[in-house]
Amino acid sequence: MTGVQLRNLGIRYGQVEVLKGIDLDIPASEFIVLLGPSGCGKSTLLNAIAGLQDVAEGQILIGGHDMTNVEPKNRGIAMVFQSYALYPRMSVRGNLSFGLKVAKVAKPEIEKRVAHVAKMLQVEPLLDRKPSQLSGGQRQRVAIGRAVVRDAGVFLFDEPLSNLDAQLRSDLRVEIKRLHQRLKSTMIYVTHDQIEAMTLADRIVVMKDRIIQQQGTPDEIYNKPANTFVARFVGSPAMNFLEGVVKGGDAIVDGENLRIAAALSSPLVDGRKVIVGIRPEDMALQADEAALGLAVEVDVVEPMGAERMVWCRRGDIGLSTRTPSSTKVKSGDKVRLDLSEERLHIFDAETGKRL
Amino acid sequence: MTITNSQAPVRRNAYAAPFSRALVYALLIVLAIVALIPLYVMIVTAFKSMEEIRSGTLLSLPHAFSFEHWWKAWNSACTGLRCEGLKVGFVNSFLITIPSVALAIAAGAVTGYALSFWRVRFANVLFTVLLIGGFFPYQVLIYPLVRITSTIGLFNSLAGVIAVHVVFALPVVTLLFRNYFASIPIDLFKAARVDGAGYWRFFFSILLPMSVPMIAVAGILQVTFIWNDYIVGLVFGGINYAPMTVQLNNIVHSTYGEREYNVEMAATLLTSVIPLLVYFTSGRWFVRGVASGAVKG
């Protein structure tokens, strides 16, 4: 099995620095997701691992070997693209076998492997069709098949589901996960979709502004975001943020005392500016105006079937919360939000780093 | 709301439509007649006897259709000292056009490919130079090219004519292919690189099969351009490889005694058969070629 290591990787387009100081250790068989907004360099990083992008500094090791300047075909990788990138003039069979033909694999062996992969991805009936005669989902299935047939140790996925509609996306997501369980290859998956990241990844690498912001299990990323960017980017709807000042171990937010001691490892000095983060599901909405908690006014209610999203206001501050559908509130109601203390996230107001 | 809004102007236009449409058609018909009259005159004249040409009106149909002049133009009209008709030029034109077009397309496609998919050093500079080359009036370059071809021993030879044609065609053809390749998603190239395809493998196995429309367009443009060329063939071909256009000119301009209008018309029509065939059979492709960034043609 093949692991991938990146050592102090830097990439430039001319004078523009696209990535810098990227250090990443991907153990064999891990499913790792590079997550970040568009333009954060995650696709560039994937291209660099594939050998499709020149590296300005640092090293790429695949399976323990230095592959920094090795041709893509010799890196033992396979890649799936957002645009499918199927060869339009070749049949599905031609697409699946092209790489093997180039590698001069014997014909019976090619046939065997193509048949095997076609069966695995349920594209057998499509083998003699052209890509233009396939639906989007079928095309991506074939593209995945083209990667699988290479028998590579490392799979690279560049936003493979972004061009598909919601239903197909979740179907193929499950299929990719199943593929990983079956092949046990190392998989590096680029996406801007945090749901894909949460559901697929063994480990998520959140990227922004040319660097890695945080890496960890989906659980760590969600429950212990390293900074306000990660906290906001992962989770839907996004985490709520309240600005406050520390006083006597509590945070004073808009005149109210919030107990933050439970969320901190060590107490903070008075006067320090902080940002208090709380996820929508970590507060309880109390319809009783006299109850404990932050007094707010209901702005918008979004019924979502099993639950409701309630968007509240307190002056300039907006707060969203999840409530069970049984909670009956409507726009304009005065309610209270009870924040659970141990679920608060405290960030430094200046650096945005978790405290 | 949207539906009523979008229908209203259509209905208002329905009044004006028959009038303006009739006007457009009338104009088109008149212009078509103006454009077609010379062709008509050429065709009928080619079938008339000299007596009829001298006596009859220009536009009347011939009394008796005669293919005699066509045969003469093809087989025995005098093109300078030789009197073997246009057939020699016809063969020469084929000998010039086919290799020129094939080489121009091959060179243009490969150059366009290198410029669009591979990070060639100074690609933009190269491309700009090519573009400027495309805008240069080629008459200016005739004399330098005569010196060059005679120095390397290609002057007055088939290879010389072909080489000059390829050089002149390169900017346009390269531009056509580069622009076409620029529209092909880069992911396709990346996928092929991961699959192990190198420079030529990607070009021949993936890019070329996708480029059939562009090859057709470039082919049509260059066939008509090179077939219709006069000056390159005249200057570089010498006597042995004078193309049809040069021989036609010799027939038309160097007759002694009475001018045989019918033979001249027949010769002209014979010379334009190939480009006309190309236009008629491939009008759609041709328009696309002209529209997709050809700078001359």
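User: How many bridges join β17(A) to strand β18 of chain A, and in which sense do they run?

Analyst: This is a predicted model. In it, eight bridges join β17(A) to β18 (residues 317-324) of chain A. The two strands run antiparallel. Two strands count as paired from at least two bridges. With eight bridges, β17(A) and β18(A) therefore pair.

User: Which residue stands opposite Glu307(A) in β18(A)?

Analyst: Pro324(A) stands opposite Glu307(A).

User: What lies in the turn of the hairpin that β17(A) and β18(A) form?

Analyst: Two residues lie between the strands. Gly315(A), in the turn, has a positive phi of about 60 degrees.

User: What makes β16 of chain A and β17 of chain A a pair?

Analyst: The bridge count does. β16 (residues 294-303) and β17 (residues 307-314) of chain A pair over six bridges. The cut-off is at least two, so the two strands qualify as a pair. Their sense is antiparallel. Pro303(A) has Arg308(A) in β17(A) as its bridge partner. The hairpin of β16(A) and β17(A) has three residues between the strands. Gly305(A) takes a positive phi there, near 90 degrees.

User: How many bridges join β11 of chain A to β12 of chain A?

Analyst: Three bridges join β11 (residues 240-247) to β12 (residues 250-253) of chain A. At least two are needed, so β11(A) and β12(A) pair as well. They run antiparallel. In β12(A), Asp250(A) is the bridge partner of Lys247(A).

User: In what order do the five strands of the open sheet in chain A stand?

Analyst: The order is β13-β12-β11-β14-β20 in chain A, with antiparallel pairing.

User: Why are β13 and β20 of chain A called edge strands?

Analyst: Each of them pairs on one side only. That is what makes β13 (256-259) and β20 (345-348) of chain A the edge strands. Neighbouring strands of this sheet are turned by 40 degrees against each other on average, direction ignored.

User: Now the helices. Why are α2(A) and α4(A) called roughly parallel?

Analyst: Take the angle. The axes of α2 (residues 92-102) and α4 (residues 136-148) of chain A cross at roughly 25 degrees. Angles under 35 degrees count as roughly parallel, so α2(A) and α4(A) get that label. Their axes come within 8 Å. The crossing is right-handed.

User: Which residues of α2(A) and α4(A) meet?

Analyst: From α2(A) come Val92(A), Asn95(A), Leu96(A) and Gly99(A). They meet Val142(A), Gly145(A) and Arg146(A) in α4(A). By class, this contact has three nonpolar, three polar and one charged residues.

User: At what angle do α3 of chain B and α13 of chain B pack?

Analyst: The angle is about 65 degrees, between α3 (residues 68-75) and α13 (residues 261-271) of chain B. Their axes are 8 Å apart. α3(B) passes α13(B) in a right-handed crossing.

User: What is the make-up of the contact of α3(B) with α13(B)?

Analyst: α3(B) brings His69(B), Trp70(B), Lys72(B), Ala73(B) and Trp74(B). They meet Asn262(B), Val263(B), Ala266(B), Ala267(B) and Leu270(B) in α13(B). By class, the contact has seven nonpolar, two polar and one charged residues.

User: Where do the domains of chain B lie, and how far apart are their C-alpha centres?

Analyst: Domain 1 of chain B covers 2-66 and domain 2 covers 87-291. These bounds come from an automatic or database domain assignment. The C-alpha centres of the two domains lie 33 Å apart. Each domain of chain B gives seven residues to the contact. On the side of domain 1 that touches domain 2, α1(B) supplies the largest share, four residues. By class, that side has five nonpolar, one polar and one charged residues.

User: Which domains does chain A have?

Analyst: Chain A is divided into domain 1 (4-229) and domain 2 (240-348). Their C-alpha centres lie 39 Å apart.

User: How many residues does each chain bring to the contact of chain B with chain A?

Analyst: Chain B brings 14 residues and chain A brings 17 residues. α8(B) gives six residues, the largest share of the side of chain B that touches chain A. By class, that side has eight nonpolar, one polar and five charged residues.

Key:
Residues are numbered from 1 along each chain as its sequence is written. Chains are lettered from A and ligands numbered from 1 in the order in which they are written. This is a predicted model: local features need pLDDT of at least 70, side-chain atom pairs count only at pLDDT 80 or more; totals for chains, interfaces and linings use all residues. Axes are lines fitted to C-alpha atoms, for helices over the stretch in contact, and angles run from 0 to 180 degrees between N-to-C directions. Angles under 35 degrees count as roughly parallel, over 145 as roughly antiparallel, 65 to 115 as roughly perpendicular and the rest as oblique. A crossing is left-handed if the near helix is turned anticlockwise from the far one by less than a right angle, and right-handed if clockwise. Two residues are in contact if their C-beta atoms, placed from the backbone, lie within 7 Å. Ala, Val, Leu, Ile, Met, Phe, Trp, Tyr, Cys and Pro count as nonpolar, Asp, Glu, Lys and Arg as charged, and the others, Gly among them, as polar.
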